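Dear colleague,

Please find below the sequence and the structure that I am handing over to you. My findings follow, arranged by topic.

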Amino acid sequence: MNVILFGAPGAGKGTQSSLMIERLGMKQISTGDLFRAAIKNQTDLGKKAQEYMDKGQLVPDSIVIGMVEEVLKGETKEFILDGFPRTVAQAQALDELLRKLGLSVGKAIFLEVPMEILMDRLTGRRVCKSCGAVYHVTSKPPKMAGVCDLCGGEVYQRNDDKAEVIGTRLKTYEEFTSPLKSFYKDAGKYVEVDGDRATESVYKDIERIVL
Ligand code: AMP
């Protein structure tokens with residue numbers, strides 16, 4: 001089943017997606033990762049997206065939707081949409097896109113995590129520049145400081161995980177992404193998972209929904 005994984009920044013979408021890839025053979029389509037790759041490669045899309053990302057703002061819908069369309073075209077594996085849609089306009093565009101491509105999404109899984117926990121997760125989050133593995137300064141540090149356990153890549157703090165940007169990202173989430181709950185409830189696809197638990201417990205719930 002194709003699914004949407006949504007929730008606030010720091011809710012654990014990336015971590016859970018990694019497990020779903022590893023154990024269920026699904027494909028992750030993360031708009032944040034796609035933008036970060038475009039920034040790394042200094043493409044026009046990357047340069048445009050960076051202006052918004054560095055400020056903690058959403059990249060305009062027209063840019064995001066075009067990018068997702070390119071990725072979804074010809075998609076054959078079961079996929080997880082991670083970080084998309086993030087606005088109701090994107091959700092409506094996604095419905096249209098899926099119809100056009102003859103695809104569908106079975107569930108929209110919302111990861112629920114309290115605000116104070118999100119702050120700690122985001123300020124402490126560190127990520128591998130090469131493979132995207134996620135660490136945390138206190139709860140999950142890499143064995144060697146600054147070096148990824150999995151691939152030896154550089155572990156760094158994302159620009160938008162700096163304290164001054166996090167506030168804007170969380171506010172943006174409340175204003176634009178939170179309304180997706182009603183959108184997917186109305187569509188009969190909404191499922192809520194308590195994301196404030198051990199990674200494995202959260203994963204077990206998600207697996208039950210997906211399988
Ligand atoms: P993420 O890795 O999902 O936290 O995304 C990082 C940043 O990329 C966000 O703060 C936005 O600036 C941008 N971004 C990712 N996905 C979207 C989206 N669906 N719509 C607009 N902006 C996005």
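**Findings**

Asp160 is buried, with a relative accessible area of 10%. Please bear in mind throughout that the model is predicted.

**Salt bridges**

Side chains of opposite charge can pair when their charged atoms come close. The structure contains 14 salt bridges, and three of them are described here in turn.

The buried Asp160 has a charged partner: its side chain meets that of Arg158 in a salt bridge, at 3.0 Å from N to O. Is Arg158 buried or exposed? Its relative accessibility is 11%, and since buried means under 20%, Arg158 counts as buried.

A second salt bridge joins the side chains of Glu69 and Lys100, at 2.8 Å from N to O. Glu69 belongs to helix H4 (residues 61-72) and Lys100 to helix H5 (residues 88-101), so this pair ties together parts that are 31 residues apart in sequence. Lys100 is exposed, with a relative accessible area of 60%.

Arg208 forms a salt bridge with Asp205, and their closest N and O atoms are 3.1 Å apart. Both residues lie in helix H9, three residues apart, which is about one turn of the helix. With a relative accessibility of 61%, Arg208 counts as exposed, whereas Asp205, at 22%, counts as partly exposed. Elsewhere, salt bridges that share partners join Arg125, Arg158, Asp160, Asp161 and Arg169 into one network.

**Packing of helices**

Two packed helices are described by the angle between their axes and the distance between the axes.

*H1 and H9.* The axes of helix H1 (residues 13-24) and helix H9 (residues 199-210) come within 10 Å and cross at roughly 60 degrees. H1 and H9 are therefore oblique to each other. Their crossing is right-handed. Which residues of H1 and H9 meet? On the side of H1 they are Thr15, Gln16, Leu19, Met20, Arg23 and Leu24, and on the side of H9 they are Thr199, Glu200, Val202, Tyr203, Ile206, Glu207 and Val210. The residues of this contact divide into seven nonpolar, three polar and three charged.

*H2 and H3.* Helix H2 (residues 31-40) and helix H3 (residues 44-53) have axes that come within 8 Å and cross at roughly 115 degrees. H2 passes H3 in a left-handed crossing. In this contact Gly32, Phe35, Arg36, Ala38 and Ile39 of H2 meet Leu45, Gly46, Ala49, Gln50 and Met53 of H3. Six of the contact residues are nonpolar, three are polar and one is charged.

*H2 and H4.* H2 also packs with H4, at an angle of about 95 degrees and with the axes 11 Å apart. That makes H2 roughly perpendicular to H4. Thr31, Leu34 and Phe35 in H2 meet Ile63, Val64, Met67, Val68 and Val71 in H4. How do the residues of this contact divide into nonpolar, polar and charged? Seven are nonpolar and one is polar, with no charged residue.

**Buried residues of H6**

In helix H6 (residues 115-124), the buried residues are Leu118, Leu122 and Gly124.

**Two details of the backbone**

Two loops also deserve a mention. Pro85 lies in the loop between strand S3 (79-82) and H5. The peptide bond from Phe84 to Pro85 is cis, with omega near 0 degrees.

Gln42 is found in the loop between H2 and H3. Its phi is near 55 degrees, a positive value in a residue other than glycine. At 44% relative accessibility, Gln42 counts as partly exposed.

Yours sincerely

Note on methods:
Residues numbered from 1 in each chain as written. Predicted model: local features only at pLDDT ≥ 70, side-chain atom pairs only at ≥ 80, totals over all residues. Heavy atoms only, no water. Axes fitted to C-alpha atoms, helices over the stretch in contact; angles between N-to-C directions. Helix = DSSP H or I, 4+ residues; strand = E, 2+ residues; numbered from the N terminus. Parallel < 35°, antiparallel > 145°, perpendicular 65-115°, else oblique. Left-handed = near helix turned anticlockwise from the far one by under 90°. Contact = heavy atoms within 4.5 Å. Nonpolar A, V, L, I, M, F, W, Y, C, P; charged D, E, K, R; others polar. Salt bridge = Lys/Arg side-chain N within 4 Å of Asp/Glu carboxyl O. Buried < 20%, exposed > 50% of the residue type's maximum accessible area, 1.4 Å probe, protein only.
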